[in-house]
Structure formats: C-alpha cells, structure tokens
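Let's take a walk through a protein model together. Have the sequence and the 3D view ready.

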Amino acid sequence: MRHLAFVYGTLLSGEVNHHLLAGAELLGPHRTEPCFTMVQLGAYPGVARGGNTAIAGEIYRIDAGDLERLD
C-alpha cells in the first residue's frame, strides 16, 4: 500500500535525515495553509493544528517500509 507523506525540516531534500526517504517518490514542494503551530518536542519540532503558521515542505509517495523508517 502506498501513502502520501508531507515532510519538513531535516527530512527535506539536501537535509541530514533525507536519507530516510531514499525509496520514496518526490511529488513536489508544498506549503500548507496557515493553520498550524510549531512546537518543540525535545530534539525534534512538531506541528499542531491551530495557529497561523504555514509550513513549507515536500510531498512524497511512500510505501510501508518508508513509513516504518520515518516512524
């Protein structure tokens, strides 16, 4: 089964964790509506619904193996 994944931060092309998406198909850049809040979750940031921030990232088509690596 294939899934769509929106990624941002260190998962983006050229960033340090992008290797986790090695088997994924890049569909292109995407910017969300400005309806999120960025939160700090220790070593990694997170995104929560509510707020007025738009998040810039990329959309990938991924499979179960890709999803497991990202998790």
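Is Asp-63 buried, partly exposed or exposed? Asp-63 is partly exposed, because its relative accessible area is 29% (buried means under 20%, exposed over 50%, partly exposed in between, with a 1.4 Å probe and protein chains only). Keep in mind that this is a predicted model, where local features need pLDDT of at least 70, side-chain atom pairs count only at pLDDT 80 or more, and totals for chains, interfaces and linings use all residues. Residues are numbered from 1 along each chain as its sequence is written, and side-chain values use heavy atoms, leaving out hydrogens and water.

Asp-63 forms a salt bridge with Arg-2, their closest N and O atoms being 3.9 Å apart (a salt bridge is a side-chain nitrogen of Lys or Arg within 4 Å of a carboxyl oxygen of Asp or Glu). This pair links distant parts of the chain, 61 residues apart. Glu-25 forms a salt bridge with Arg-61, at 3.2 Å between the closest N and O atoms. Here the partners sit 36 residues apart, with Glu-25 in strand 2 and Arg-61 in strand 5 (strands are DSSP runs of E, at least two residues, and helices are runs of H or I, at least four, numbered from the N terminus).

Now look inside. Ala-5, Val-7, Leu-21, Ala-24, Tyr-60 and Ile-62 make up the largest nonpolar core (a set of buried Ala, Val, Leu, Ile, Met, Phe, Trp, Tyr and Cys residues joined through side-chain atoms within 4.5 Å). Strand 1 and strand 5 each supply at least two residues of this core.
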